[in-house]
Amino acid sequence: MTPRRPVVAGAMVLCVLAAAPPRAARSQQLTISLSDALTYYEAGERDAVVRALTAAKGSDTFALIPFFEHDSEAWIQADGPAEAGRRRLLVATFALETAYAGLDHQWEVSKAVVQWACEMWRKSGPPTPAEHTWTLAALALLEANFVPPSRATGLANPDVRAHLKHITERFPDEPRVSLALALLKEYEFWTGHYRLRGVSGAPIFIHNDDVAATVLPALDEAARQAANRPEAQLRRGFLEYRLGRSEAALADLTAAAAGDDDLTRTYLAQLFIGWVHEREGRKAEATAWFRRAYETLPALSAALALGVRLYEDEAVAVANGDVHGDERDEADTLVEAALLGAAGRTDPWKDYGYGDLRRWPALIAELRAMAGAS
Amino acid sequence: MTRAARQDGGGVMTRAARQGGGVMTRDDRHRDGRAFPQPRRPGGRLAGVAALVATACIVVAARQATPPQDPQRTFRAVGALVTVDVSVRDGNRLVRGLTPGDFHVEDNGVAQTVEMLDVESLPIDLTLIVDTSGSLITMVDEVRQYVAEAASVLRADDRVRLITFSGEVRDVFGLQPATAPLPVEVIVADGATAIYDAVIAGLMRTRRADRRQVLVVFTDGIETNSAMDADALEAVAKRSDSVLHVLLVKDVMTSRLEMPNYYQDTRRYWLSRAVPDPLAFGRAAAATGGWMQEVAVRPDLPKALRLTLEDFRTSYVLRYRPVGVAQEGWHRIDVAVTGGHTVRARSGYFWGALNPKR
């Protein structure tokens with residue numbers, strides 16, 4: 001059993017919502033050390049700890065960093081060398097979960113926590129399979145927040161680039177690096193030029209199609225590795241769609257839709273194929289592909305795309321005397337089901353711009369299992 | 001006065017019309033996606049005289065006694081019945097007490113005989129579609145208050161639903177009596193903004209034919225990551241039975257001074273399906289007979305919300321069975337009223353959208 005350590009001086013006070021439902025637990029506020037938090041986490045009370053860390057926002061959230069620095073190594077070594085490897089993974093996984101919890105609210109802290117854990121790995125000795133999985137999960141998380149070029153350096157996404165450098169140093173053959181580099185190019189494509197426009201003077205990105213010439217070769221390079229190929233084809237297909245090259249888009253997207261290894265990729269490829277057909281005026285094909293996407297994953301983007309087609313189809317059917325009159329009812333049912341099922345599931349389209357973040361659920365689940373925190 | 005000048009195309013008035021030009025072309029109306037909820041009466045004295053002359057020249061089709069009301073069976077389009085919500089204003093004042101004979105309705109240019117439904121007998125389903133994206137993060141408490149206030153102006157037999165949207169669309173609570181306690185505390189703000197998705201979902205979710213359906217969207221209008229686009233929004237709006245109003249709040253939090261860490265601590269969405277079209281919301285609202293109103297400052301929002309609901313509550317509901325027109329395609333609706341008042345109504349309908357089931 002891990003010995004309880006006193007709360008490190010200056011460490012933040014965390015409000016732990018224990019395993020009870022959040023609303024009922026609000027009154028149960030505890031003060032906790034990192035050791036306690038890790039023990040909760042190891043025992044499977046993962047959500048409670050993560051909620052507690054999320055609740056820390058608004059306080060001095062950068063206190064999270066010394067929180068890790070001061071206590072973690074002692075906790076890792078507490079049960080002896082035989083357990084140290086697993087415990088290191090558990091600490092690193094816990095750090096990732098903490099960072100993920102702050103994704104939308106305290107990104108600077110999240111980023112610092114990931115960087116701390118990455119450095120911990122690099123100092124820990126030779127690379128391990130556990131570190132490999134961890135580092136891909138960290139990449140997925142960092143890709144969730146691409147940032148434009150800084151005024152000081154002119155460089156976009158320095159954190160992702162730094163992490164890719166670390167991955168390359170530790171795992172030189174990792175194929176995901178080339179895909180991530182292509183994604184950075186893609187980011188530059190979409191955000192290369194913009195100007196202020198629109199309501200409220202808000203910035204709306206006006207995409208620079210000329211930069212596509214640099215993205216497609218990068219995606220092709222990534223696609224040379226079999227592990228990357230379907231995702232690279234998906235991204236290439238979407239790019240072709242946005243550039244108005246429908247037939248090229250269909251070729252890539254059809255290839256990306258094959259296979260059952262990643263339902264989110266299949267869903268997106270089917271959705272994009274529907275968009276291509278819709279733009280080309282092939283309404284029946286569009287309807288069929290939107291329906292396929294919805295059958296793959298009943299998420300809202302496919303439900304709405306199919307619903308719009310059904311709205312138009314009903315008008316055509318009724319006008320032709322084929323009075324079924326229930327297409328709009330079906331659209332309502334689809335949307336209702338998608339909205340009801342949305343809790344706890346992200347529409348893949350919403351994460352499409354965030355690269356490997358779509359792989360986060362699988363990667364973090366794998367890490368939890370490896371660390372014995374499931 | 002042109003036919004287009006008699007009707008403002010569902011809440012859209014051009015600058016020329018607002019400034020007294022009195023003449024608005026169909027093209028003007030489609031280019032300008034904005035509506036003005038408190039429009040000045042179009043035209044000055046000359047235009048007013050012209051309006052009176054024009055109205056006097058209108059030959060109103062045979063008046064028809066209103067049949068017994070049976071909202072369950074007769075409200076929305078049944079067979080080839082077309083139902084139109086019509087708002088009539090004299091400047092800022094809602095014009096009440098009109099009869100069917102005061103209206104002149106044309107379907108694809110052919111005058112129609114209309115009847116008027118008793119709006120008092122028709123309960124309202126209000127769908128609030130509220131922007132809870134990160135750019136509104138400083139307004140959460142106000143938004144909760146507005147939602148509660150909106151429900152408070154409804155009647156006991158009315159119902160209210162809340163859909164919120166940031167990057168994701170959430171059906172916070174389904175239709176429930178307006179008098180029920182509303183769980184507004186669940187409203188939180190973060191993330192991107194999928195306005196097209198949310199409004200289309202809201203339009204598709206308003207299906208009861210025996211109740212008047214109105215959607216009020218509250219947003220800063222900064223679209224980022226919808227899967228749908230402006231064309232889809234307009235396609236659904238044109239086929240919807242509901243009236244869509246959009247309240248566009250302009251002074252939302254976009255200031256680094258107000259939230260110094262917001263930009264560095266919040267995820268940005270950078271990849272969209274298409275370049276957003278800010279005017280699409282106005283066009284979609286206009287297609288349904290609603291408006292898009294720009295609310296300059298936050299304190300004006302509750303008033304705008306009240307006026308929007310009051311306008312809908314007191315709108316006339318006209319109905320007619322189209323005669324003398326082709327039974328296919330898009331049908332343009334033009335509505336004029338005695339007295340030259342400002343009229344707002346849906347811009348038309350698809351023949352095939354007249355679902356016999358409704």
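What is the mean pLDDT of chain A, and what share of its residues reach 70 or more? The mean is 81, and 78% of the residues of chain A get to 70 or more. Keep in mind for every view below that this is a predicted model.

**View 1**
Chain A has 18 helices and 2 strands. Of its 374 residues, 49% count as buried. Take the contacts in chain A between residues at least 6 apart in sequence: 62% of them join residues at least 24 apart. Two stretches call for some caution. Over residues 1–30 of chain A the pLDDT is below 50, with 57 contacts in the model beyond near neighbours in sequence. Residues 193–199 of chain A also stay under 50, and here the model has 17 contacts beyond four places in sequence. As for the model overall, ipTM comes out at 0.80 and pTM at 0.80.

**View 1. Helix α5 against helix α18 in chain A.**
Here α5 (residues 81–101) of chain A packs on α18 (residues 360–371) of chain A, at an angle of about 150° and with the axes 9 Å apart. Angles over 145 degrees count as roughly antiparallel, so that's how α5(A) and α18(A) run relative to each other. Their crossing is left-handed. On the α5(A) side, look for R86(A), L89(A), L90(A), T93(A), L96(A) and E97(A). From α18(A), the contact takes in I364(A), L367(A), R368(A), M370(A) and A371(A). Sorted by class, that's 7 nonpolar, 1 polar and 3 charged residues.

On helices in general: an α-helix has 3.6 residues a turn, so residues three or four places apart point the same way.

**View 2. Y267 in helix α13 of chain A.**
Y267(A) sits in helix α13 (residues 263–279) of chain A. Is Y267(A) buried or exposed? With 25 C-beta neighbours inside 10 Å, Y267(A) counts as buried. Setting aside neighbours within four places in sequence, Y267(A) is in contact with A293(A), T296(A), L297(A), A299(A), A302(A) and P348(A). If you want a distance to check, the C-alpha atoms of Y267(A) and P81(A) are separated by 45 Å, and the two residues are 186 apart along the chain.

**View 3. Two asparagines with positive phi.**
N157(A) isn't a glycine, yet its phi is positive, near 55°. Its place is the loop between α7 (129–142) and α8 (158–170) of chain A. N157(A) has 22 C-beta neighbours inside 10 Å and therefore counts as buried. Over in chain B, N108(B) also has a positive phi, about 50°, without being a glycine. N108(B) belongs to the loop between β3 (103–107) and β4 (110–112) of chain B. With 17 C-beta neighbours inside 10 Å, N108(B) counts as partly exposed.

Chain B has a mean pLDDT of 73, and 68% of its residues reach 70 or more. Over residues 1–78 of chain B the pLDDT is below 50, and this stretch has 156 contacts in the model beyond near neighbours in sequence. Residues 254–260 of chain B are below 50 too, with 9 such contacts. There are 11 helices and 15 strands in chain B, and 53% of its 358 residues count as buried. Among contacts between residues at least 6 apart in sequence, 80% join residues at least 24 apart. Now zoom in on helix α7 (residues 195–204) of chain B: 10 of its 10 residues are buried, so it is largely enclosed by the rest of the structure. Among the buried residues of α7(B) are I195(B), Y196(B), D197(B) and G202(B).

Notes
Residues numbered from 1 in each chain as written. Chains lettered and ligands numbered in written order. Predicted model: local features only at pLDDT ≥ 70, side-chain atom pairs only at ≥ 80, totals over all residues. pLDDT = per-residue confidence, 0-100. Contact = placed C-beta atoms within 7 Å. Axes fitted to C-alpha atoms, helices over the stretch in contact; angles between N-to-C directions. Helix = DSSP H or I, 4+ residues; strand = E, 2+ residues; numbered from the N terminus. Parallel < 35°, antiparallel > 145°, perpendicular 65-115°, else oblique. Left-handed = near helix turned anticlockwise from the far one by under 90°. Nonpolar A, V, L, I, M, F, W, Y, C, P; charged D, E, K, R; others polar. Buried ≥ 20, exposed ≤ 12 C-beta atoms within 10 Å, placed from the backbone.
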